[in-house]
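Welcome! Take a moment to look over the model below, and then let us walk through a few of its features together.

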Amino acid sequence: MGEASTKHDDDQGVLTVLKAIKKASKDLHTTPIAFTNTSQSAIIKSLLELKNEANSILSADPSLLNLSRLLNSLKSLLDKLQSSQGHGVRSFIRRQFTYYEASRVGNAIMDEIKAWIDHESLKNIVKTMEESEDEDEKIEVLKEFQSRISRGFDSDLQDLILRTKIFSFIESILCDSQCSIGIREESAAVIVSLVKFNKDVFVGFVLMGPTIRALISISSSRSIQVLTSLIKLIKSPLIDIIESNGEIPKIIGLLSSPELAIQVVAMDCVLEIGYFGRREAIEAMLKDGLVEKLMELQRSENGGENEAEAEMDPKKRRFSNCVASFAVQIEVGEGLRQREKREFKLEVLKRVRESSVSEAEAATIAAEVLWGSSP
């Protein structure tokens, strides 16, 4: 326990020094060159002090050997800068050239430090998820990773993610029924972030792996939200997988959940499937009684029949006109041909008439479908 604590403190010390060097290197790169620049002098002094502080730390870690060499090069260049204080043109040109070289080395230092921090971060995710018994700590490292990849695409980071197979590791946590729902949900959120990070690479991992089945098997409001996010990102190919896996009935079944939050996210998911789904997926939903289920929701208390209650709780409005909302998604969506859209619209109207409890209900909902689904 004591050794682990000491190792953690050492890592934090390295990280603190490296972040300070990275900031000073960035300041050096962005500070304008001048004959006399007090800001420049302060940055140089700061870097030299940090170099001295870093010597003992860097020498103890072989992975930081290249960084140590770059810092030595930078120190030599900074020493030259400090010694070239002349005001002549030749002196200024030499100083300018040296400063540009120092700036270039500073950039290399920033890249090296960023790569080291990213590598240590991925190592820490694996170590924490495998060894820690603190659920909050596990969720925190997953959130930190999401924050890192949400900054935008980085080819070096992507190479590191692929080399360390971190996607497969995160996916294994998502699929592990021994993990808590909270940790599995946070792992699912990481997968969405990775797809956003680079769809060209990580969509294939999602389509070929067990992520989709795992999300539907968890069937929490957050896991279905993640599934809906993935549908929006990947569109028809992901819905094809859902349909071929026979998962459509499970999603429709969530509309009958006793929890309103799950009903609401399931409705959102159904609407996205309606928008992006191809013929097979829409047929599967209708065959599984989606229109009949939506009509039940629409006439239920959650469908907004009680206007006063609906005003107090806007969520109650989520199911009002839900049959027409589904019809609109089909008509304006991307997954069907125009002929297929017309066929499904007629099928929805047919099912509305068959499952209505009164002629008035049938007429009202049919009118909503007909008028509401106009482009």
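Of the 375 residues in the protein chain, 45% are buried, where buried means under 20% relative accessible area, exposed means over 50%, and partly exposed lies in between (1.4 Å probe, protein chains only). Please keep in mind that this is a predicted model, in which local features need pLDDT of at least 70 and side-chain atom pairs count only at pLDDT 80 or more, while totals for chains, interfaces and linings use all residues. Residues are numbered from 1 along each chain as its sequence is written, and side-chain values use heavy atoms, with hydrogens and water left out.

**The overall fold**

The protein chain is built with 20 helices and zero strands; helices (H or I, at least four residues) and strands (E, at least two) are DSSP runs, numbered from the N terminus. Among contacts (heavy atoms within 4.5 Å) between residues at least 6 apart in sequence, 69% join residues at least 24 apart. The accessible surface of the chain comes to about 19200 Å², and 51% of that belongs to carbon and sulfur atoms. These areas come from the Shrake-Rupley method with a 1.4 Å probe, and for residues only the protein chains shown count as cover.

Most residues other than glycine have a negative phi.

| Residue | Phi | Loop between | Relative accessible area |
|---|---|---|---|
| Lys235 | about 65° | H11 and H12 (236–244) | 33% |

**Cysteines**

How many disulfides does the structure hold? It holds zero, a disulfide being a pair of cysteine sulfur atoms within 2.5 Å. Cys269 is buried, with a relative accessible area of 0%, whereas Cys179 is partly exposed at 21%.

**A buried charge**

Helix H14 (residues 260–276) contains Glu272. Glu272 is buried yet has no salt bridge, that is, a side-chain nitrogen of Lys or Arg within 4 Å of a carboxyl oxygen of Asp or Glu. The nearest side chain of opposite charge to Glu272 is Lys232, 4.3 Å away; Lys and Arg count as positive and Asp and Glu as negative, while His and the chain ends are not counted. Leaving aside neighbours within four places in sequence, Glu272 is in contact with Thr228, Ile231, Lys232, Ile239, Gly277 and Gln329.
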